Amino acid sequence: MRAILLVFLSLWVWAPCLSFCGTDTHVARIVSLAPSITEIIYTLGLGDRLVGVTSFSNYPAEAKKLPKIGTYIHLNLEKIIQLNPDIAIGTWDGNRRSDIRILKEMGIKVYMTTPKNIWDVINSIQQIGMILGIPQKGVMVASSLRMRIDNIRKKVSTLKRVRVFLQINNRPLITVNKDTFQNDLMRLAGGINIAEDEPIRYPRISIEEVIYRRPEVIIISSMEIGGKFEEMRQEWMKWKDIPAVKNGRVFLVNSDLLDRASPRLVEGLETLARLIHPEAGWR
Amino acid sequence: MGAILTLKDIFFSYNSRTVLKNINMDILEGQVIGILGPNGSGKSTLLKLMDGILIPEKGKVLLKGKPIDKYNRIDIAREIAMVGQEDHFRFPFSVSEVVLMGRFPYTSSYRFENKRDLEVAHNALKLTNTLHLAKRSIHEISGGERQRVFLARAIAQEPSIILLDEITSFLDIRFKREILMLLASLKNKGISMVIASHDIELMARYCEKMVLLKDGDIYAMGRPDQVLTEENISHVYECPVHVDKDPVDLNIRITIK
Amino acid sequence: MIARPLSPAKVIYVSLGLFILLLMVMLFSLYKGAVNIRLVDMLNAILGKGNDPGSIRLILLKIRLPRILLAGAVGFILSLGGVVFQAILRNPLADPFILGVSSGSALGAITGIIMGLSYRTGIPTMAFCGAIFTIVLVIIIGKKGKEAETSNIILAGVIINAFFTAIIMFFIACSSNEKLHSMLSWLYGDLSQAYYAQFWIVFTVTICSFFILYLFSRHLNIITAGEEVALQLGVDVEKVKWISLIVVSLSVGLAVSFSGLIGFAGLIVPHICRMIWGSDHRILIPSASLGGAVFLIAADTFARTIIAPNELPVGVVTAAIGAPFFIYLLIHRGSRWEQF
C-alpha cells in the first residue's frame, strides 16, 4: 500500500517540470545557484557537468574547485553570463528575486525549487533529475531517501518522544521553530522541539526558558568543531538542572546536515535519531 | 531735502519684554548720528529695525517715504548697509571676495562680477586702507583689519545710509581714529551714518546729532553739547561724571567722578 | 585694480576637465569587473562589431553600464547635497542626510523588505515615501513660525534619525535570515540591481536640482558669513534655505531609494573640492557634483572587483576612504576647525 502511495507521489511530483519537458534533455553546462543545489547535482551523478557554483558550495570536496559565481544571496551575474550555462538551478529559499529575474532577462534558462520541508527537498531531487535528462536516476535517489526516512520513522514510532533543544547560534542563543527543516528532522527522529510553538522562525531564546522547558537532549548545530564546541558544551555544563546536562546528553551536529536543503538532511536525520533514541538499536 | 529714513512711534518687544518704546527720529542725507546708551538699552535692536531686519510691533519705518516692509531685501540693501560685530565666516574667502559680496544687490544670479563691480570694490578697499590685503584670507587678518574690510564691503554697496554697530570696540586708538576719519570722509560724499557706540567722547567729536537711550526710551536727542550734559549722562549711565571741554581742541570731555 | 576672484572661464575649464575625468573613469569601470574582458573585445562589443563570444556585450550593456551610470548620478547628487547643506547649515560636517532623510528612507525600505515588496518598484517607492515623510516631519518640528531656524532643524533631524534608527534596529532584531541580508545590503548601499530606468529618473531629478541650486551660488557664498549678514546684504535667506533644503532632501531621498545608504560621499568630495578650488559656490557646486560622480563610480568599481566574484558593499568602501580622510583633516586643521 505504502509502495503504491510512494509511486503515485513520485508521479505527481513531476507536474512542476512540465514546462521543461520535451526540451533537449542533454544538458551539458549547469550552474548551481546554491550550495544545496550543488549537493543535489552531485548526488545525481552529474557533478562533472557543473561549470559554476556559489561560494559556500563546500560539499562534496570536488565542488570547492569549481569556478565561483558569488554567494547565493548575492549572485555575480557577470560571471554566470560568461560561463554560458545551458541551465541555472536555484532555490527560492535564498536566491534574490531580482537576480533571478535578470538572469531570465539575459536569456538564461533558470529552474527554481521551493523546498519548504524535507519532503519538498526530496521531491526537488526528483524534479531536478527530470529536467537534467535523467528521470530514472532522480526517482531512484528520491525513493531510497524516502525509504531511509521511513525506516527511522518506524523505529522510533513506538518510543516516547524526547524533548530536544536545538541551538543554532551561541551568542545570542537562537533556536528554531516548527517552520524549519531542523524541526522536521527532530520530529521524524522521535523528538519534540521545545521551541516548536515560537512565533518567529529563528527566535532568540533565554537560558531561563530552556531551563524551564527541561530538554532531555541538547543539540548544538554548528560548523565549529573542536575547541569552540567544547567551550559551548562547558557553558551548558553550568546548568546542571537541565536533564540533558545532568545526563551528559549535549551533542554537536554539523549544521550543514540539518539546515541545507540537500540529500544530506537524511544523514542529519539519522544522526539525530541515534542521539535522541540510542536505545532503538542502530546498526 | 526730506529724510532718508524715518522711525515713527516704534515699539518693539522680544519675548514679552519691551526693548524699545516711543521711538521717533529722522535721518537726513549726509547726517552722522550717534546712538548712545548703556548695555541693554536697545542700541543694536534699533539699528536692526532701521535695516528692516526686525519688524516693529507698532509703528512704521519709512525708507525714502515708503514703508520698509514693502521693499524686498535687495532694494533695501542698495540703500542701507550695516557693519556689525558678528561676522563668522565658516569657510575661507579672500578679502576681495568678501568686499565683492557687497555688490550682491547689483548683480543677478548668473552674472559674474563686471568692471563696475571691480572698480567699486577696488575704491572701497583703497578708502579703507585694506587694498594690500586683497588676496589674503579673511581668517588670516587681524580684528582691526577685518573691521575695515567689512566697512569696505558696506561702502561697496553704494548705500545712502551705513549703520555701524559698536565697530570701535576691537580697535586700538590708532585704528579708531582712522575709522572715524574715514567716516568723516564718507559723510562728505553724502552718505548718512548711524553709529551705535559706547565711546561717548569719540562720538561727540564726529556726530552732529546724538540720541541717548535709556531703557528703550529716547532720553535725549539733539546736538552733542545739548545731549551730553552731566545730568543726562549721570542719570542714564547711573554713574556720576564730570563734563567739560578739552581746552586744546574744544571737544567734549567726560571724566568719571 | 583688483582681479576678479573667479572668472567664468575658470569655472568652465574646471568643469570640462572634471567631465573628461568622469568619462575616463566610466570607461575604465566598464573595462574592469568580475569577468576579465580584453580591451579589444570591449571595443568591438561597444561598436557592435564581430561576434560576441562570452556575451561581452550583454555583460557590458546590461550589467555594468547601468550600474556605472547610476553610481555616477547618485554620487553627483550626494555631493551636491553635501555642498549645499554645508553652506546653509554653516557646518563643514553636514552631509545631505543630516535632516533624517537617511533613516527615513531606510525605514521605508526596510518596511518594504518586510512586506516582501519587489526590489524594482515596491521597495524604492517605500524608501522614497519614508524620505518624504521624514522631511515633512523635520520641517514641522523644526519650524518656528514661517522661519526655518537652522539649529532647530538640525536638532529635529538628529532626534528623528535616532528615533527611526531605533525602530530599524528593532526590525532587524526580529527579522529572519533572508530578510536580514536584504536589509543590511540596503543599509550599506547596493548598486548591483541597477537598471536604466532608475538611472534616467535619478539623472533627470539631479540635473534639475543642479540648475536650481546653481542659481543660488552667490546667495550660498554670502549665507556662509552668517544669516543676519546675508539679510543685510540683500539675500532672501528664508527663501534660499527653504528651497535648498527641500530640493536637496527630495533629490537625495530619491537617489538613495534606489541605491541604499551610501555615506561619506556627500562629505569627502565637497571638502576636497573646497581645498583645491576654494569656497566660492559658483565653482564649488559644479566641481563637487562632478567629483562626487567620479568618486562613487570609482568606489563602486573597487567594491565589485576587489574580492570578485564576491562584492563589498559600496558603503563600506566609502567609509573606509572617508574615515581616514577625516582623521587626516582633524590632525591638520585641529583647532582651526571652525575656520576650516
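1. The crossing of helix 5 of chain C and helix 6 of chain C is right-handed (the near helix is turned clockwise from the far one by less than a right angle). The contact includes C:Leu137 and C:Ile141 of helix 5 of chain C, and C:Ala156 and C:Ile160 of helix 6 of chain C; residues are in contact if their C-beta atoms, placed from the backbone, lie within 7 Å. By class, the residues of this contact are six nonpolar, four polar and no charged (Ala, Val, Leu, Ile, Met, Phe, Trp, Tyr, Cys and Pro are nonpolar, Asp, Glu, Lys and Arg charged, the others, Gly among them, polar).

2. This is a predicted model, in which local features need pLDDT of at least 70 and side-chain atom pairs count only at pLDDT 80 or more, while totals for chains, interfaces and linings use all residues. Residues are numbered from 1 along each chain as its sequence is written, and chains are lettered from A and ligands numbered from 1 in the order in which they are written.

3. Chain C has 14 helices and two strands (DSSP runs, numbered from the N terminus: helices are H or I of at least four residues, strands E of at least two). Along its principal axes, the C-alpha trace of chain C spans about 65 × 60 × 35 Å.

4. Between chains, 32 residues of chain B are in contact with 28 residues of chain C. The side of chain B that touches chain C has 18 nonpolar, seven polar and seven charged residues.

Conventions
Contact = placed C-beta atoms within 7 Å.
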